[in-house]
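Welcome to my notebook. I went through this structure one stop at a time, and these are my entries.

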Amino acid sequence: MTSRTGPQIDLHAHSTASDGTLSPAELVRAAADAGLDVVAITDHDTTAGWAPAVAALPPGLRLVRGAELSCRWFGADPPVPLHLLAYLFDPAHPELVAELARVRAAREARGERIVDLLRADGVDISWSEILTAAGGGTVGRPHIAQALIRAGLVASTSEAFGPDWLGERYRLPKEDIDVFHAVRLVRAAGGVPVFAHPRASRRGRVVPDELIVELAAAGLAGLEADHEDHSPEERQHVRALAADLGLLVTGSSDFHGTHKTVRLGAFTTHPEAYERIVAEASGVTGIASG
């Protein structure tokens, strides 16, 4: 838990618009209840949660509208998947809108193929039921994991993502955005791109520092350092790299509701980094409720 006086700022949280368990309205109310002053809604590859979050914004809470983009670095074999947090971009920017729509469609097609593979092996789960449970949100493997839990086949999301299930046996590649293209698109849309959990080795392969140097030259604004999937050593490494490159540093919960155990505000961002994000953005502004 990050403890400091001053505004409490959590810049990475998910709603039912992607793979969280709280609706956008519930998410902003939960953020206020958790004592946050600023929260970012950063659903995967979608801005669908923005309007309902704005409409339900509690008094005194500021909302940063964002998204977490599914990206890939093609400089390794096989390519390395990674996530880019994009803040305060124009949601109507044509190129970015088209790219996000392509990624969402590919994610849904992959999800249906995974369910087909499971059903072919006698696993009784339904794609239509998964779509209904997603409630119109961007469908991904977490929704399939929840279906496996409801069917009594696994006990937890962690088990569902293990090698016998979605982590390996029933894992299919998905289409992502080239990370350099994503950084440039976010900047073109007036947004501010921050690399999410860049050293989280417990999630799998991480990219070399040399890539982050190149991304900084291409327009990357910051690195997420304080995150539950970073060890203390990894957080220190990210901070040192950010200092060397003049990048801002964020800390965030990456809250997903009951899909993860982490709480809103478990890690927070220093006000100076938040103010720098706001100052660099020209797509949309932050929103505060009276």
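**Entry: the largest pocket**

I began with the largest pocket, which holds about 1500 Å³ of space. I was working with a predicted model here, and I kept that in mind throughout. Which residues come closest to the centre of this pocket? I found His83, Arg141, Phe161, Arg171 and Arg203 there, out of 48 residues that line the pocket.

Next I looked up which elements give two or more residues to the lining, and I noted S3, S4, H3, helix H5 (141-150) and helix H6 (157-160). S4 supplies the largest share of the lining, with four residues. I also sorted the lining of the largest pocket by kind: 16 residues are nonpolar, 17 are polar and 15 are charged.

**Entry: Glu99**

Is Glu99 buried or exposed? I read a relative accessibility of 16% for Glu99, so this residue counts as buried, because the cut-off for buried is under 20%.

I then listed what Glu99 touches, leaving out residues up to four places away in sequence, and got Ile177, His181 and Leu185. I also checked Glu99 against Val154, which is 55 residues apart from Glu99 along the chain. Their C-alpha atoms are separated by 34 Å.

**Entry: two aspartates with positive phi**

My next stop was the backbone. I came across Asp45, whose phi is near 60 degrees, a positive value in a residue other than glycine. I placed Asp45 in the loop between strand S2 (38-44) and helix H2 (50-55).

I found Asp254 in the loop between strand S8 (248-251) and helix H10 (271-280). Its relative accessibility is 1%, and therefore I wrote Asp254 down as buried.

**Entry: a cis peptide bond**

Which two residues does a cis peptide bond join? I noted Asp77 and Pro78, with omega at about 0 degrees. To see where this sits, I looked up Pro78 and found it in the loop between strand S3 (62-73) and strand S4 (80-87).

Notes: Residues are numbered from 1 along each chain as its sequence is written. This is a predicted model: local features need pLDDT of at least 70, side-chain atom pairs count only at pLDDT 80 or more; totals for chains, interfaces and linings use all residues. Side-chain values use heavy atoms; hydrogens and water are left out. Buried means under 20% relative accessible area, exposed over 50%, partly exposed in between (1.4 Å probe, protein chains only). Contact means heavy atoms within 4.5 Å. On a 1 Å grid over the protein atoms alone, a cavity is a set of points where a 1.4 Å probe fits but cannot get out, and a pocket is an open set with protein on both sides within 12 Å along at least five of seven lines; lining residues have an atom within 4 Å of a point. Grid points are joined across faces, edges and corners, and a volume is the space filled by probe spheres set on the points. Ala, Val, Leu, Ile, Met, Phe, Trp, Tyr, Cys and Pro count as nonpolar, Asp, Glu, Lys and Arg as charged, and the others, Gly among them, as polar.
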